[in-house]
Number of protein chains: 2
Amino acid sequence: MATVKDIATAVGVSVATVSNVLNGRPNVGHVIRKKVLHAAKQLGYRPNRAAQAMRTGRTRAIGLVLPDLTNPFFPELAQAVENTARSFGLLVCLIDSQGRVDGESDGFALLMQHAVDGVIWCPLGPRPPAALKKLDRPVVLIDRPGPGYAVVHSNYVMGGELLAQHALRMGHTRVGLLCGPQDLESARQRRDGFVNAAPDEIEIAWEVNVGFDGVLTPQAVDALKRRRNVTLIVAGNDVIAISAIRFLSEHGINVPEDVSITGFDNIRWTDVVTPRLTTIAQPLGAIGKKAVELMHGSMSGEKISARRTIFDVTLIERDSVRRIGRR
Amino acid sequence: MATVKDIATAVGVSVATVSNVLNGRPNVGHVIRKKVLHAAKQLGYRPNRAAQAMRTGRTRAIGLVLPDLTNPFFPELAQAVENTARSFGLLVCLIDSQGRVDGESDGFALLMQHAVDGVIWCPLGPRPPAALKKLDRPVVLIDRPGPGYAVVHSNYVMGGELLAQHALRMGHTRVGLLCGPQDLESARQRRDGFVNAAPDEIEIAWEVNVGFDGVLTPQAVDALKRRRNVTLIVAGNDVIAISAIRFLSEHGINVPEDVSITGFDNIRWTDVVTPRLTTIAQPLGAIGKKAVELMHGSMSGEKISARRTIFDVTLIERDSVRRIGRR
DNA sequence: GAAATCTAGTGTAACGTTTTACTAACTGGA
DNA sequence: TCCAGTTAGTAAAACGTTACACTAGATTTC
């Protein structure tokens with residue numbers, strides 16, 4: 001690997017001058033500048049990141065901490081993060097805590113040791129761990145707001161509202177809610193958005209919370225079995241919705257003939273399950289991209305202006321909601 | 001951040017001694033050793049990876065280069081890689097080429113610049129890019145063998161055989177093949193495994209290749225429409241199978257009543273599509289784990305003995321294959 | 001009892017880069 | 001002409017770690 005010294009001897013100048021050229025400092029004549037640049041290209045020079053890091057304290061790498069890549073919400077996000085980061089010349093270091101808090105903290109320690117320049121984090125729990133406080137590097141949270149941190153996520157309230165409007169439009173006036181974990185703001189806002197936007201004509205017959213991973217609790221099983229005459233079940237996300245559809249079909253209840261269902265997230269495969277799932281699409285790619293952009297801005301010293309960046313969502317109408325009644 | 005010098009002054013020894021203790025070298029008495037270790041813990045010492053890297057040339061980070069995280073084959077793999085790596089104290093740097101060759105080479109360059117200690121790579125094309133040759137660090141390939149590299153993958157031939165046996169067992173004697181790209185060994189071996197294991201009673205009526213991403217070519221569309229009396233379609237992977245099921249159902253052809261289908265990979269959601277997909281399960285987690293273990297072994301100097309590590313696969317019987325005929 | 005070996009350390013150079021302080025040679029103005 | 005200011009460049013220290021070459025004293029060997 002060619003070093004700055006190799007360039008210096010090749011051109012016949014000092015290493016300081018080479019460094020000055022490479023870092024775009026003005027104190028070097030344009031003829032020497034040309035020569036240095038040419039020699040650098042010639043020799044295939046790549047700065048040694050370790051040496052740079054030691055001198056400057058910046059590694060040009062960022063951490064990405066996720067709860068579970070296996071949840072289809074995250075791969076698309078991770079992909080966008082990696083690609084945007086790469087376009088800034090930033091390397092992405094991945095931590096997947098697999099849903100375990102100790103994994104999360106171990107991973108965080110590993111990132112610290114490698115002195116990443118910042119971290120994009122979707123915490124396991126409702127709020128980021130306290131350890132994060134001690135970090136003097138930029139942090140962008142995904143989906144979980146934290147005191148004093150920048151956060152980017154979708155407009156969940158809007159999603160809930162769109163769903164409520166759609167429910168009414170399709171003639172559903174008695175619904176059940178199969179929400180995500182209500183200690184997570186992202187789950188709570190979906191619910192509240194729906195509940196608050198639902199006009200008086202819509203009656204919420206029951207409400208049960210389950211995890212975003214879609215494993216059905218006894219209460220959820222009970223609610224799905226009895227249903228209490230609801231014509232529509234609003235699920236907290238697609239995984240929950242799919243899980244519910246499967247459970248219902250195993251018990252001889254058909255969607256949407258016997259009961260309609262909506263999801264949330266528009267993960268891949270929602271249009272391949274039967275019935276194709278009516279859901280809310282989040283711009284996952286845009287979220288990942290924005291997170292990196294905020295991170296990069298904040299790394300280059302600019303104060304993050306918007307503490308919260310919220311993206312619009314859209315309703316995807318498919319086949320899991322049946323029109324009932326007139327209109 | 002506490003440095004080795006801080007420890008040295010705290011204990012009253014030289015930095016060399018501290019370094020010797022920390023790296024487990026034998027030339028230091030056990031009383032001083034105790035003291036140093038204690039002080040290190042006390043001060044919350046973490047070695048500065050950049051400095052270590054500069055001195056030793058090792059970063060304790062590895063690269064993971066994937067074609068497309070969005071393909072459900074990869075997240076589980078990535079998760080296993082990250083977790084196993086972390087258990088070795090290795091950081092995983094992610095590159096997702098999004099199916100583009102320039103992305104792949106850009107990402108590779110980025111990894112080189114950061115001087116990762118090795119790379120686990122699932123190349124885009126049938127063979128790893130030539131640039132990899134110039135790399136003097138351990139490489140483990142996933143799923144695509146390359147000359148002189150270690151590779152780990154599933155026993156695709158065995159998968160094909162299991163499928164052929166199952167086909168016969170279920171009474172299917174006339175099948176169509178909807179294979180993956182035949183320039184990829186992993187697709188070719190699935191096909192060959194099936195074809196070679198299929199006894200004379202099984203007639204292969206037609207054979208069409210599509211991409212692993214499941215987008216149907218005109219030939220595939222034609223084959224699915226006409227079908228030429230096959231009772232079973234053997235798809236190259238689950239994504240293709242699901243894609244085919246969807247296409248067929250849109251054209252009023254039911255699976256498995258009108259035609260049976262098998263997949264390959266056992267990705268998540270295969271048991272949630274309708275009908276639930278009969279497929280071959282690969283031990284993705286084990287593959288990722290093994291890749292890191294090979295990598296780590298090779299990093300610590302041991303020669304990689306097995307050039308090829310192959311994992312057994314299992315048949316997952318579900319609902320997409322109908323039993324026909326007697327037996 | 002002298003020579004050889006071993007034990008428990010230490011001093012310091014080196015890794016590749018950036019940056020501060022410095023210098024020498026010009027330039028322009030009064 | 002002299003001084004101030006600018007331009008173009010350099011020397012060297014520093015970042016935190018490791019590892020090589022050493023040493024002083026203790027212990028063994030013949």
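Author: The side chain of B:Arg190 reaches the backbone oxygen of B:Ser186 at 2.9 Å. That is a polar contact, meaning a pair of N or O atoms within 3.5 Å; within protein, one must be able to donate a hydrogen and the other to accept it, and residues adjacent in sequence count only if both atoms are side-chain atoms. Keep in mind that this is a predicted model, where local features need pLDDT of at least 70, side-chain atom pairs count only at pLDDT 80 or more, and totals for chains, interfaces and linings use all residues. Residues are numbered from 1 along each chain as its sequence is written, chains are lettered from A and ligands numbered from 1 in the order in which they are written, and side-chain values use heavy atoms, with hydrogens and water left out.

Reader: Where does B:Arg190 sit? And is B:Arg190 buried or exposed?

Author: B:Arg190 belongs to helix H8 of chain B, residues 185–197. Helices (H or I, at least four residues) and strands (E, at least two) are DSSP runs, numbered from the N terminus. B:Arg190 has a relative accessible area of 8%, so it is buried. Buried means under 20% relative accessible area, exposed over 50%, partly exposed in between (1.4 Å probe, protein chains only).

Reader: What does B:Arg190 touch?

Author: Leaving out residues up to four places away in sequence, its contacts include B:Tyr156, B:Phe212, B:Phe264 and B:Asp265. Contact means heavy atoms within 4.5 Å.

Reader: Switching to backbone. Which peptide bonds are cis?

Author: Two to look at: B:Val255 to B:Pro256, with omega near 5°, and B:Thr274 to B:Pro275, with omega near -5°. B:Pro256 is in the loop between helix H10 (238–250) and strand E9 (260–262) of chain B. B:Pro275 is in the loop between E9 and strand E10 (279–281).

Reader: Why point those out?

Author: Because most peptide bonds are trans, and most residues other than glycine have a negative phi.

Reader: OK, phi then. What is phi for A:Gln98?

Author: Near 50°, a positive value in a non-glycine residue. A:Gln98 lies in the loop between strand E2 (91–96) and helix H6 (101–113) of chain A, and is partly exposed at 27% relative accessibility.

Reader: And B:Arg228?

Author: Its phi is also positive, near 50°. At 38% relative accessibility, B:Arg228 is partly exposed.

Reader: Last one: what rotation superposes chain B on chain A?

Author: A rotation of 180° with 0.0 Å of shift along its axis, RMSD 0.1 Å. That is the relation of a two-fold axis. Copies are superposed by least squares on the C-alpha atoms of residues with pLDDT of at least 70 in both.
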